[in-house]
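The following note sets out several points on the structure shown below. Each point concerns one region.

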Amino acid sequence: MRLLERDSSLASLAEYAAEARRGEGRLVLIAGEAGVGKSALVEHFQQDLPEARWSWGACDGLFTPRPLGPLFDLADQLGGPLLELCRAGAGREELFRGLLREVTDPARLDVVVVEDIHWADEATLDLLRFLGRRLRGSALLLATYRDDGLAAADPLRVTLGDLASQRSTRRIGLAPLSTRAVRELAGGSDADAGALHRLTGGNPFYVTEVVQAGMHEVPGSARDAVLARAARLSGPARQVLDVAALMGTRVEWRLLEAVTDCPAPAVDELLACGLLTGDGEWLRFRHEIARLAVEGALPARRGRTTHGRVLAALAALGCDDDARMAFHAEAAGDAAAVLRHAPAAARRAAWLASHREAAAQYRRALRFAAEADPATVAELCEELADEAALLDHWQDAAEACERALAQWRAAGDRLREGTALRRLSRIKWNLCHGEIADAEAAVAVLEPLGPGVELAWAYATLANHRMLRYEHHLAEPLAERAHELAEPLGATDVLSDALNTRAACAWIRGEAWEAQMRRALDVALTGRHQDRAGRAYTNLVAMHSGRRRFAEAERCAAEGIAYCDEHDLPTYGTCVRGELATVMERTGRWQESLAISSAILATVGRSPSNRMCTMRRIGSVLARRGEPGLWPHLDEAAELADRTGEPQQILPVRLTRAEAYWLEGRTGQARREAELAHDVAATCDAWDRGAVAAWLARTGSPRTPHGPFPEPYRLELAGDLSGAARAWSELGCGYDAALALSGADGEPELRQALSLLTDLGALPAARIVRRRLRGLGVRSLPAGPRAATRRHPSGLTRREREVLALLCAQHTNAEIAAKLFISVKTAGHHVSAILAKLGAPSRAAAADQAARLGLTDTAQ
């Protein structure tokens with residue numbers, strides 16, 4: 001196919017190759033719809049760059065892929081230490097670093113092509129992230145993908161977003177051809193160029209297929225054009241074509257020969273027809289659309305028979321790709337082969353952290369397990385439950401685990417029954433099912449069987465449930481028993497979990513907790529217990545945030561998010577991001593909190609527990625800003641929180657609802673919500689008890705709160721509102737400072753509250769303060785948000801403009817704090833808000849952006 005209207009794209013590729021030669025490695029994302037010519041562009045560019053070492057990998061959409069398939073393709077071509085790592089079954093981090101070392105030799109230009117990453121498994125997407133962050137030296141990585149039909153929550157979209165911020169990333173988008181180019185591509189065809197362009201949308205593949213069909217009338221679709229060309233083939237050539245279509249976009253010559261004998265004249269005929277092309281030891285369809293058209297035309301019975309022959313040929317050739325074998329086994333209806341290969345493919349995928357692919361393989365195995373024994377079915381269900389949990393698909397996990405439990409009971413295996421009950425209890429927690437009967441039943445089943453890892457896990461799980469209910473007096477002895485059993489057994493995953501729970505109990509009581517939580521994290525990281533590490537990171541962020549130690553919380557969040565993303569842990573990644581959004585909510589960075597929370601809601605999976613917390617945060621921000629739509633969020637959050645029966649879930653939701661009612665002037669409803677929070681507050685930590693006490697007082701409740709309280713609440717409840725406001729401001733909680741001052745009787749305090757609330761955009765609370773000021777006879781008050789803020793092109797408040805001016809003058813946070821008489825923490829929060837509003841990744845970038853927008857003159 002001639003390459004038309006691609007000169008600018010080729011020029012860009014040449015420029016990126018030149019940058020790579022200078023040691024500035026580049027990752028180029030080449031996007032376009034199916035058939036637009038992405039592969040043709042890369043192949044043409046290869047001709048322009050013959051001196052480079054080229055290697056190719058591809059993602060295959062035919063079957064659930066072998067994780068890191070493109071990397072293994074590359075290893076076969078590059079050989080050396082990378083191939084040795086692959087053959088040794090190395091972990092993904094070793095494989096990632098091995099590929100990076102192989103393609104960053106400064107003595108040569110390496111061009112690595114990974115095609116069709118829209119079909120990539122999770123581990124391959126993580127590989128691209130890894131390379132994007134670290135690509136240096138003379139390496140050029142070209143990744144092609146279809147950008148049509150990508151769902152909003154497609155994992156590739158998330159990956160593209162991550163890559164967009166990397167220094168090495170460049171993008172090339174291929175548009176369809178113009179009518180002029182379609183006319184040129186059609187050449188001597190009698191097809192009308194305008195009609196052909198309308199039919200094909202300027203897609204080069206469709207244009208070529210229509211023209212090659214040689215029909216006087218334009219076919220109804222490209223599929224018809226492909227089949228029209230295939231219909232002209234001889235019998236032997238068509239047989240080879242049909243078999244190849246069932247094998248994938250790329251087919252090994254030796255496999256095709258083993259299945260079809262592949263006579264030379266038939267092969268020559270296929271190559272001449274233009275549907276396939278030779279590629280070294282491979283035969284390749286020129287486009288996946290062509291393969292799909294041929295595959296779709298095959299009768300089902302013939303397809304099953306052919307898949308069976310392919311499966312036998314692969315086995316004879318010693319194929320070790322269990323994912324590929326499982327695909328052909330399923331298509332052939334060979335249950336024994338599916339049960340042999342699908343679980344093996346799933347376990348390999350889980351080892352490489354491709355959890356979507358692992359779950360798909362376990363589901364495939366279970367579809368063929370009707371005749372299997374109960375133990376086999378139960379093990380498959382448990383493994384599927386574990387993978388579904390890591391994907392945040394908790395209802396799927398629950399169904400798989402309940403099926404496993406029934407199978408173990410049928411098999412009479414009490415040990416595995418107890419383990420299934422323990423696993424099911426944690427799954428149900430994520431579904432906001434507050435009962436702990438399954439965890440108690442697990443202990444009851446396992447205790448008569450004596451000490452073991454299973455019993456240690458049962459104790460740890462029941463301890464966790466008790467802690468989540470703030471029953472730390474019951475949780476701690478259970479966690480200690482788990483610790484005592486796990487340590488001599490070397491069960492470091494159980495040990496990390498028990499340490500985590502004990503640290504949480506200490507936190508609830510107001511005792512030293514951080515060292516023990518850090519130990520829980522270290523044990524998890526050392527033992528490569530990824531889910532336990534995810535839990536430790538989540539709790540570190542939550543507990544620092546709960547103590548209003550926001551800088552520490554943000555540092556832990558950055559570390560935890562990077563870990564969860566690197567290790568493909570969407571459940572805990574979501575938890576850590578949610579805790580970070582709570583930090584933003586508490587420090588007045590509401591737009592950032594809303595952005596993170598909205599992104600969480602848009603993700604696939606979403607456990608009800610994560611959804612509950614997210615809905616509460618969104619409702620809180622909407623209420624504080626006086627925006628519509630808050631109550632559906634807060635109503636759902638309340639329903640889910642009540643289902644859990646846990647004070648740590650019920651209390652913040654009820655207090656948020658109390659605040660929302662109070663801001664709307666509905667004091668009676670606000671008081672009722674504050675009292676519902678008080679009902680569960682007795683065993684909560686001091687900060688939560690203080691919040692309840694403040695809202696009981698604010699809403700006029702006669703109830704006596706549970707003390708003692710941290711300093712800001714103690715001062716506020718004692719009537720020292722200015723002292724409370726100073727304490728809140730030192731912590732970086734400007735909104736809480738304003739709420740404390742809003743209860744004052746003096747004009748200076750109320751004016752200070754109004755200033756803080758106006759800067760934050762807290763319109764409902766600001767209206768309440770204005771009414772109080774007017775009740776004191778004060779006039780000449782601002783009617784709403786300051787005009788300076790409304791006029792500012794980036795929406796910066798007055799204080800943020802002052803901070804921006806000092807930031808542009810290269811002052812540190814400490815220097816900014818000293819000049820503006822605020823705390824260093826508050827200065828840091830203002831800087832973070834400025835970076836977010838300007839869309840700047842760093843202080844230097846914010847200064848540059850301010851200069852470009854002409855903000856430096858007004859930032860006084």
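How many bridges join E3 to strand E4 (residues 139–146)? Five bridges join the two strands, which run parallel; strands here are DSSP runs (E, at least two residues), as helices are (H or I, at least four), numbered from the N terminus.

1. Basis of the note. This is a predicted model, in which local features need pLDDT of at least 70 and side-chain atom pairs count only at pLDDT 80 or more, while totals for chains, interfaces and linings use all residues. Residues are numbered from 1 along each chain as its sequence is written, and side-chain values use heavy atoms, with hydrogens and water left out.

2. The sheet. Five strands form an open sheet in the order E2-E3-E4-E1-E5, with parallel pairing; a pair of strands requires at least two DSSP bridges. E2 and strand E5 (169–173) are the edge strands, each pairing on one side only. From one strand to the next the twist averages 20 degrees, taken between lines fitted to C-alpha atoms, with angles from 0 to 180 degrees between N-to-C directions.

3. Strand E2. Of the six residues of E2 (residues 53–58), five are buried, so the strand is largely enclosed by the rest of the structure; buried means under 20% relative accessible area, exposed over 50%, and partly exposed in between (1.4 Å probe, protein chains only). E2 is joined by six bridges to strand E3 (residues 110–115), and the two run parallel. Trp54 has Val111 as its bridge partner in E3, and Val111 in turn has Leu140 as its bridge partner in E4.

4. Helix H16. The 17 residues of H16 (residues 300–316) reach 25 Å from first C-alpha to last, close to the 24 Å expected at 1.5 Å a residue, that is, 1.5 Å times one less than the number of residues. Its buried residues are Gly303, Thr306, His307, Val310, Leu311, Ala313 and Leu314. They cover an arc of only 165 degrees around the axis, which puts them on the same side of H16; the arc is that of the directions from the helix axis to the C-beta atoms. Arg301 and Ala316, on the other side, are exposed.

5. Aromatic pairs. The whole structure holds ten aromatic pairs, with ring centres (Phe, Tyr and the six-membered ring of Trp) within 6.5 Å; planes under 30 degrees apart count as stacked, over 60 as edge-to-face and the rest as tilted. Trp590 and Tyr735 form an edge-to-face pair, 5.3 Å centre to centre with 80 degrees between the planes.
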